[in-house]
Amino acid sequence: MVVEDIGLDASAPLLEVRDLRVHFKTDRGTVKAVDGVSWSISEGETMAIVGESGSGKSVSAMTILGLIQSPPATFPTGDIFLRGRSLMRMPEKQQRRLRGKEIAMIFQDPLTALNPVFKVGDQIAEMVRNHQDVSKTVAKRRALDLLGEVGIPNPAVRLNQYPHEFSGGMRQRAMIAMALANDPQVLLADEPTTALDVTVQAQIMALLTKLQEDRNTAIVLITHDLGVVASHADRINVMYAGRIVESGTTDEIFYQPRHAYTFGLLSSLARMDFSRQERLLPIKGQPPSLANVPKGCAFHPRCAFTTEKCTAAIPVLEPVGGDGHVAACVHSDRVAIAYEERVVTP
Amino acid sequence: MTEQGAVSPGAVGTLSGNGTPMLEVRNLVKHFPIRSGIFIKRVIGHVKAVDDISLTIHKGQTVALVGESGCGKSTTARAILRLVEPTSGTVNLDGLEVTKLGKEKLRRARRDMQIIFQDPYASLNPRMTIRQILSEKYQLLGSEVTKSTISDLLDTVGLADEYADRYPHEFSGGQRQRIGIARAIALNPKFVVLDEPVSALDVSIQAQIVNLLEDLQDELGLTYLFIAHDLSVVRHISDIVAVMYLGQIVEIASRDDLFDRPYHPYTQALISAVPIPDPKVERLRETIVLRGDVPNPANPPSGCRFRTRCWKFEQLSESERQVCIEEPPPLNLVPGATTHRSACHYAAVREVVRA
């Protein structure tokens, strides 16, 4: 099956998410997992979505791939565009053709994402045959090439092994091979290295970087690891309680944070490259339950800058200098000053 | 936190030293038998999870044990506490030979040595209230619970008294970890193993727990063995860092020596692989990408166990490699050092933190 022309506009942004809301009705009220999120990504770009557990970062990615069932989920507003074509208003059948072909995803835990009863090679070949009209032999050969390309030694042997025979790093490579099977334009990487050791993480990130250079793939990197983000992202969206609270280039986010939450995150980190003599500066309290998000700015109960202005209304993203650097914080000026004055002892 | 100067010479790996040793581990070995067969289970080999580890931790110090999953760091900690029975070797806690204790004496000694687990979800009984979980500790080890005991304890770890009658599921991850910490420090232990205590927590919560652990160490004079794979937290909290690979310590040094002047190629690769949350620093850094995975600990490579993945080994000539293949490298002092040890035939310093 070959994807025919379904009206994709080459001049539109590669992938765009516009005012997306994903809500879940539960006994304890409506859980607003994603509550008005917008972003876009171009080819060859790496955009990070950073946030803590429960900030809505994974749900937004899963919605793009149609992995969120409705019901229970509702989508009060929002749309997702691939080259100008709405994914959410597209018939299921057409969506399926795009999933795994134009947009692919790699998950945090490759052991649960791979089917334990099928050979790794067959799973990759199936992915090829789902989207391309080729024979089993050709698909299998393609799977072999892909395993080689993602750096799996002895691909001919590995092809006929089951996921449990692979180590964690090898499984993640196999999953990347599967995601790349149809040359996707966008790769959604949801915590791709969180379950791996750092030396293996370095291998996987180097692999993703190389593949991106070769194919000009756009990568949406969903993670909580600010180190991985600093070394790999071009732009960053910081999420808190279902919303993007700050967005900018990697340098802007790290060197000119304008949202109190971004500032708090950066200040709380321990550094490996120098001995910090002073105590760490944690953010007090804990992330809110998404069924019961605080009034106004969701971060205000934990924030060091809070005034009564913070509870009056939900702050919107506003330009804070720089090209496209935006923050939803009424105290962005005070955050800027505090960041300049912070104590750092390298 | 102990200052740099307080790390005495001899604190590392040897018996001499100025401070008072709280924990002395000598030649600790833990081999797990591999059995095969249906009716008659024959032992066909051993997983050498911990293979001859020696370690000294002085009073009030924090020693970190780092390495990848499967390197034996958690098994080492469990063998020290005798949560798994060591195959051989001795553990001495404040003058008491833990490895020689009988069942009853060991139970009493547990008062002094505690552990905080990685997963606060799995390590608390969901059917017991926090008060029951904490009171059980006192009852088991024969201590009295007065009216204020539990509230005082909760206060110490930064939890309000009213939480005492709730169940674990009502708490967030960070709060549960505080409960795990409360349980560990309840009976004023001397020595606490922290087994990845912040790995399961959100970034903004990690700093809270790290600070709490440091405060408790200062207030109660605790000695910590910190098991971790997150090197940033290790650099912040530790006095001494030991790097493990396949059941053995390959490098041990004070934390600044280890991070700023690592000698072992594995330590160098490990540090270089940790991304630093600073884009400008990251752009200048070079990551040493190791090939392949950790070998099977049931059948480790001959000679130096790291050689199959070693970037330095790859650069050596055929004749230079012989020693790596044939001889296990001893954990020797590096040139000019009094405490810094490294187990590599070709050990040489390489800057990896910022270059």
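Among contacts in chain A between residues at least 6 apart in sequence, what percentage join residues at least 24 apart? The figure is 66%. Two residues are in contact if their C-beta atoms, placed from the backbone, lie within 7 Å.

This is a predicted model, in which local features need pLDDT of at least 70, side-chain atom pairs count only at pLDDT 80 or more, and totals for chains, interfaces and linings use all residues. Residues are numbered from 1 along each chain as its sequence is written, while chains are lettered from A and ligands numbered from 1 in the order in which they are written.

**Chain A overall**

Chain A has 13 helices and 13 strands. Helices (H or I, at least four residues) and strands (E, at least two) are DSSP runs, numbered from the N terminus. The C-alpha atoms of chain A fill a box of roughly 65 × 50 × 40 Å along the principal axes. Of the 346 residues, 51% count as buried (20 or more other C-beta atoms within 10 Å of the residue's own, C-beta atoms being placed from the backbone).

**Strand pairing in chain A**

Strands E1 (residues 15–26) and E5 (residues 79–82) of chain A run antiparallel. Strand E5(A) also pairs with E6 (residues 85–86) of chain A in the antiparallel sense. Two strands pair if DSSP finds at least two bridges between them.

| Strand pair | Bridges | Example partners |
|---|---|---|
| E1(A) and E5(A) | 4 bridges | Glu16(A) and Phe81(A) |
| E5(A) and E6(A) | 2 bridges | Leu82(A) and Arg85(A) |

E5(A) and E6(A) form a hairpin with 2 residues between them. Arg83(A), in the turn, has a positive phi of about 50 degrees.

**Helices of chain B**

The axes of H5 (residues 173–185) and H6 (residues 203–220) of chain B come within 10 Å and cross at roughly 15 degrees. Axes are lines fitted to C-alpha atoms over the stretch in contact, and angles run from 0 to 180 degrees between N-to-C directions. H5(B) and H6(B) are therefore roughly parallel (angles under 35 degrees). Residues making the contact include Ile181(B) of H5(B) and Leu212(B) of H6(B).

**Where the chains meet**

38 residues of chain B are in contact with 37 residues of chain A. H6(B) gives the most to the side of chain B that touches chain A, with 7 residues.

Technical notes: Buried ≥ 20, exposed ≤ 12 C-beta atoms within 10 Å, placed from the backbone. Parallel < 35°, antiparallel > 145°, perpendicular 65-115°, else oblique.
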